[in-house]
Amino acid sequence: MALIRVPASKLPELQKTLITCVRYISADGSLRDVLAAKIPKEQERVKSFRKEYGNTKVGEVTVDMMYGGMRGIKGLVCETSVLDPEEGIRFRGLSIPECQQVLPKAEGGAEPLPEGLFWLLLTGDVPTKAQAASLSKEWAERAALPQHVSAMLNNFPTTLHPMSQLSCAVTALNHDSKFMKAYADGVHKTKYWEYAYEDSMDLIAKLPVVAATIYRNTYKGGKGSVTIDPKLDWSANFAKMLGFDNKEFTELMRLYLTIHSDHEGGNVSAHTVHLVSSALSDPYLSFAAGMNGLAGPLHGLANQEVLVWIMKLQQQVGKNPSEQELKDFIWKTLKSGQVVPGYGHAVLRKTDPRYTCQREFALKHLPDDPLFKLVSSIYKVVPPILTETGKVKNPWPNVDAHSGVLLQYYGLKEMNYYTVLFGVSRALGVLASLIWDRALGLPIERPKSLSTDALMKAVKKYT
Ligand SMILES: CC(C)(COP(=O)(O)OP(=O)(O)OC[C@H]1O[C@@H](n2cnc3c(N)ncnc32)[C@H](O)[C@@H]1OP(=O)(O)O)[C@@H](O)C(=O)NCCC(=O)NCCS
């Protein structure tokens, strides 16, 4: 046994990490076995909670909430993560820095493996290194694309947006859905989660191949090999298939694919996947629907929009703008009726910890990069201006304000591809949620809507 000396100043931090590790440590076994053991207990816990508190009120709905995108209405259950407006996301109770500490890493790597994060999201446990490695292996084994999907991708015009290509390819993957087949064969509903799990595992495994094929076809003339190496982890395989042979870029991919995975249940992509799958559409159809939402500029496409906006800024005022030039450009954007991409959030009210951890990555690996310096200057100037408008509820940067600059640095320059990376990561969160939706037997989603006339009549009762 090796003894490690720890400076007294580091003891509280070490103690916290150890407590976190012990609390979350995973039982032995495969992901499927660990999950299968948890489901009956969780079903029982939810059943008795509902029995006791089923009629308890947890909030109210105002007319403004109905017209205002349902902001603030507590109307969904999502087990995988919860977003605190001040603190940011916690994946099964763990913050991003905690995940960076306790989740398994690749040999010689410093960033968490997304495999470990998926295990955490699905089971609530931190897996061992061996358990995370078992997922790398299993995903590599499930990664092959059916011929009709490769052919379809190879026939798309390179002018078709990469997100449209992704959505079409995922939809066509449902040809082999195990859930759809089991449903057609009359499987009992208590077993739905098992087929949702199988489809989700297949889909996650295939996504890097789909995404890399899109990249190669759209930007590299279809050249380069998109083959899985069974010895590599999910992110390393993805980076390799994209054509990057750089350890730091692979580390960035591990971090990127971990932090973009989940942001509780109400955001457009997560909610769409949940809604569509509530009709018992299979995981492929549900995920493809979510990707169509992620492709919107107010949601995932914002990471592309940020870079487009920064390029415009550089074209108009040069590569090294003064503070005043930055301010003028931001006001010009606002006065033309557009949003400043990468800033603001529907729930968060502070700087997004996903922004912060990407900034820390940049400070460690690319502190002198001119584009990173520009992004840092923008970070100083935008929040006071958005506050000055008097209407923006959160003037702070979100995840999308930082991801593009890192990708640019390592040579992944094609901005309209960025949301595909986001989509590959988002699969981890939304599919873990979907599996739990089926395990808990959640019904078809069907909230009540009212016309303005009906609403006007309804409010009379309350006034
Ligand atoms: C994320 C976003 C859609 C949240 O929208 P929201 O919940 O309606 O935000 P708010 O309640 O703060 O919006 C109030 C007003 O401020 C505006 N606002 C919010 N963020 C803004 C931004 N970054 N730039 C300019 N105006 C913004 C809204 O458009 C709205 O204006 P309106 O009343 O004229 O319609 C919004 O902040 C935004 O468009 N941000 C830029 C796009 C982006 O980065 N998206 C990725 C999110 S992770």
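Biologist: Which residues of α11 meet α12?
Modeller: In this predicted model, the partners on the α12 side are F249, T250, M253, R254 and L257. By class, the contact of these two helices has seven nonpolar, two polar and one charged residues. The residues that α11 brings to this contact are W234, S235, A236, F238 and A239.

Biologist: How are α11 and α12 oriented to each other, parallel, antiparallel, perpendicular or oblique?
Modeller: The axes of α11, residues 234-242, and α12, residues 247-259, come within 9 Å and cross at roughly 120°, and the crossing is right-handed. An angle over 145 degrees would count as roughly antiparallel and one of 65 to 115 as roughly perpendicular, and α11 and α12 are therefore oblique.

Biologist: Is L348 buried or exposed?
Modeller: L348 sits in the loop between α16 (323-335) and α17 (353-365), and, leaving aside residues up to four places away in sequence, L348 touches L83, D84, P85, G88, H263 and N394. Its relative accessibility is 1%, and because the cut-off for this class is under 20%, L348 counts as buried.

Biologist: What is the separation of the C-alpha atoms of L348 and W396?
Modeller: These two residues lie 48 residues apart along the chain. In the model, the separation of their C-alpha atoms is 8.7 Å.

Biologist: At roughly what angle do the axes of α15 and α19 cross?
Modeller: Helix α15 (residues 302-317) and helix α19 (residues 400-409) meet through residues including V306 and L307 in α15 and A401 and V405 in α19. Their axes come within 8 Å and cross at an angle of roughly 70°, which makes α15 roughly perpendicular to α19.

Terms used:
Residues are numbered from 1 along each chain as its sequence is written. This is a predicted model: local features need pLDDT of at least 70, side-chain atom pairs count only at pLDDT 80 or more; totals for chains, interfaces and linings use all residues. Side-chain values use heavy atoms; hydrogens and water are left out. Axes are lines fitted to C-alpha atoms, for helices over the stretch in contact, and angles run from 0 to 180 degrees between N-to-C directions. Helices (H or I, at least four residues) and strands (E, at least two) are DSSP runs, numbered from the N terminus. Angles under 35 degrees count as roughly parallel, over 145 as roughly antiparallel, 65 to 115 as roughly perpendicular and the rest as oblique. A crossing is left-handed if the near helix is turned anticlockwise from the far one by less than a right angle, and right-handed if clockwise. Contact means heavy atoms within 4.5 Å. Ala, Val, Leu, Ile, Met, Phe, Trp, Tyr, Cys and Pro count as nonpolar, Asp, Glu, Lys and Arg as charged, and the others, Gly among them, as polar. Buried means under 20% relative accessible area, exposed over 50%, partly exposed in between (1.4 Å probe, protein chains only).
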